Amino acid sequence: MKARNSLLRLKAFQVKEKKRQLQQLQLMMDEFARMSDELMQQIAAEEKRSGISDPAHFAYSTFAKSARQRADNLAVSVADLRQQQAVAEAELAQMEIDYERAAALELREGPNRKRA
């Protein structure tokens, strides 16, 4: 019974840990989106200040170019995090199924062991 109880606790821990990882991924995506929005606001302000909004223009602001590159990098990072999130959600679903099976086995085996 102790081994099954340990298995049940392990499965519960795995589910809890995966949920925590999913929360961290979501927080990172939210933070990256916020940073990207701030960069886009800075780019718009710089373009308005300089009067040049075409990134291909020879006199386009170097600050705006670098900020645009950072915003693009953040967008790539968010896309990568979304892929990680999808994988983690699939893993969580499987872990929850494993936990439910272990819990059901514990409930089913519990009374039998007490009788023996």
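In this predicted model, F63 touches Q42, E46 and R70, leaving aside residues up to four places away in sequence. F63 itself belongs to helix 2. R49 stands 14 residues from F63 along the chain, and the C-alpha atoms of the two are separated by 12 Å.

**The fold as a whole**

The protein contains two helices and zero strands. Its radius of gyration is 25 Å, well over the 13 Å that the globule rule gives for 116 residues, so the protein is more spread out than a compact globule. Taken along the principal axes, the box filled by the C-alpha atoms is roughly 85 × 15 × 15 Å.

Helix 1 covers residues 2-50, and helix 2 covers residues 62-115. What share of contacts joins residues at least 24 apart, among those between residues at least 6 apart in sequence? The share is 77% for such contacts in the protein.

**Surface and charge**

Of the 116 residues, 25% count as buried. The protein exposes about 8,300 Å², and carbon and sulfur atoms supply 56% of that area. The side chains include 20 positive and 17 negative ones, and the centres of these two sets lie 10 Å apart.

**A stretch annotated in UniProt**

An unreviewed UniProt entry lists residues 15-98 as "coiled-coil region". In the model, the chain over residues 15-98 is 87% helix and 0% strand.

E96 is found in helix 2. Which residues does E96 touch, not counting residues up to four places away in sequence? They are V15 and K19. K11 is 85 residues from E96 in sequence, and 8.0 Å separate the two in space, C-alpha to C-alpha. With a relative accessible area of 29%, E96 is partly exposed, because this value falls between 20% and 50%.

A12 has its place in helix 1. At 32% relative accessibility, A12 counts as partly exposed. A12 and M95 are 83 residues apart in sequence, with 8.6 Å between them in space, C-alpha to C-alpha.

D98 also lies in helix 2. Its relative accessible area is 25%, and D98 is accordingly partly exposed. E31 is 67 residues from D98 along the chain, and their C-alpha atoms are separated by 32 Å.

The residue pairs discussed above are set out together here.

| Residue pair | Separation in sequence | C-alpha to C-alpha distance |
|---|---|---|
| F63 and R49 | 14 residues | 12 Å |
| E96 and K11 | 85 residues | 8.0 Å |
| A12 and M95 | 83 residues | 8.6 Å |
| D98 and E31 | 67 residues | 32 Å |

In summary, the model has two helices and zero strands, and the protein is more spread out than a compact globule.

How values were computed. Residues numbered from 1 in each chain as written. Predicted model: local features only at pLDDT ≥ 70, side-chain atom pairs only at ≥ 80, totals over all residues. Heavy atoms only, no water. Helix = DSSP H or I, 4+ residues; strand = E, 2+ residues; numbered from the N terminus. Rg over C-alpha atoms; globule rule 2.2 N^0.38 Å. Buried < 20%, exposed > 50% of the residue type's maximum accessible area, 1.4 Å probe, protein only. Contact = heavy atoms within 4.5 Å. Areas by Shrake-Rupley, 256 points an atom, 1.4 Å probe, with all protein chains shown as cover. Lys, Arg positive; Asp, Glu negative; His and termini not counted. Charge placed at Lys NZ, Arg CZ, Asp CG, Glu CD. UniProt positions renumbered as here; feature names shortened; annotations may be inferred.
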